[in-house]
Amino acid sequence: MFIDRALITIKAGDGGNGITSFIHYKGKVSGGPDGGDGGKGGDVIFVADRHLSSLADYYYKTKYVAENGGNGEPKNCFGKSGKDIVLKVPLGTIVRDKESGGIIADMFSEGQTVTVLTGGDGGKGNARFTSSRRHAPHFSQTGEKTEAKKVLLELKTIADVGLVGFPNVGKSTLLSKITKARPKIANYHFTTLSPNLGVCQTYDKQFTIADIPGLIEGASDGAGLGIEFLRHIERTRMLVHVIDVSGVEGRDPYDDYLKINEELKKYSPLLAKLKQIIVANKCDIYGAEENLVKLKEKIGRKHKIVKISAITGEGTDKLKEEVMKVLDKLPPVKPLEFEEFKYVKPEKLGYEIFKEGETYVLVGSLIDVLKRNVVLDDMDSLAYMHKVLRDRGIIDELRKMGATDKSTIIIGDEEFEFVD
């Protein structure tokens, strides 16, 4: 099954907890602190892989979590770092943040690697909190917790040439004649249900072709299959517009030409401006020559018209030469230009104070860090919290806001009396 869009949930690993530990050896029941730090959590990494052609793997499994960091150990041993989780995606995959729609990465080149989420930092063991006044801290940090994020994966095929045209005009047959691709071919509309990619070799050069499932009138508004796959020709350098010049299905070739170009223009004005070569297919059918003359008169010199019969292969060599001539003059395909969206860890020093009568509520990322670091039933730990509040200027700010001995300070879920 061809899948070119997938919504997945990703989460970096949590940091491991630091531990509270003291040296124990014969003759010394309680030595100095030796609690080690917790390990860093694993990252979420995306890698572009040219061997993949679909996002089908992410259709069935939608949640990916990196390994958590290990907890610290005695004797100042660090916890092990969590394993990264590596997600391989096809070339041309756009990674977006689901909530904001911001583009995180354009996985354009083979082997391209992007770290989308960074694992949480490990907590510090009690050995890290020793000082000239605090010789035996009985507290340690817990590891940093990470948040799950939803990202949208969107595949946009990278190809030099995009084959466009109404259903059943012979695009798949043409692709099978000029490349080694073997798409499903049958004499009914919408035989092709997903884009097919082929490589065309001409002399010492080659180019890639993407066969886009047949467009119909109204495709840009969601009719037929076209809207699902128009994104796959956004990256192409030029278009080969296949037209059934025989008119055997009762359609006018020039009218088909106008309708397809109108749909391209509605979907993206940039698509309509791409260089086109018109392929007049099915020229081996009775009446095709007469229709071809009319088509050339109406299109004029706007586009090069190449006469072929995809079923017999007549004119396909000429077509390859013409395509190569155009490609030689066009710039190579480039990655998207976008303002990169990044998941940024919250600033650990941020805080806010809200006053409600004689009650002062402290919130923010700094307060969250204190909540997970402080052990309330340990005097050393409480002294550490008070030092942080004083050093960060929070005590002075509380005084300026009017805090007195009658005031209540709320930090997390705990209430404290303000002592001036």
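## Helix 9 and its cover

In helix 9, the buried residues are Ser381, Tyr384, Met385, Val388 and Leu389. Buried means under 20% relative accessible area, exposed over 50%, and partly exposed in between, with a 1.4 Å probe and protein chains only. Seen down the axis of helix 9, these buried residues fall within an arc of 135°, so they line one face of the helix. The arc is that of the directions from the helix axis to the C-beta atoms.

Cover for the buried residues includes helix 8 (365-373), helix 10 (394-400), and strands 16 (359-363), 17 (408-411) and 18 (414-417). Just after helix 9, glycine 393 takes a positive phi of about 85°.

## Model and overall make-up

This is a predicted model: local features need pLDDT of at least 70, side-chain atom pairs count only at pLDDT 80 or more, and totals for chains, interfaces and linings use all residues. Residues are numbered from 1 along each chain as its sequence is written, and side-chain values use heavy atoms, leaving out hydrogens and water.

The protein has 10 helices and 18 strands. Both are DSSP runs numbered from the N terminus: helices are H or I, at least four residues, and strands are E, at least two. Buried residues make up 50% of the 420 residues. Of the contacts with a separation of 6 or more, 72% join residues 24 or more positions apart. Contact means heavy atoms within 4.5 Å.

## Valine 44

Valine 44 lies in strand 2 (residues 44-49). Its relative accessible area is 0%, so valine 44 is buried. Leaving aside residues up to four places away in sequence, valine 44 touches residues including Ile10, Ala66, Ile85, Val114 and Leu117.

## Surface

The protein exposes about 21,900 Å², and carbon and sulfur atoms supply 50% of it. Areas come from the Shrake-Rupley method with a 1.4 Å probe; for residues, only the protein chains shown count as cover.

Val248, Ile285 and Tyr286 form a nonpolar surface patch, with about 370 Å² of accessible area together. Patch residues have over 30% relative accessible area and no salt bridge; like charges are joined within 9 Å, nonpolar side chains (Val, Leu, Ile, Met, Phe, Trp, Tyr) within 5 Å. A salt bridge puts a side-chain nitrogen of Lys or Arg within 4 Å of a carboxyl oxygen of Asp or Glu. Isoleucine 285 sits in the loop between strand 13 (275-281) and helix 6 (288-299). Isoleucine 285 is partly exposed, at 32% relative accessible area.
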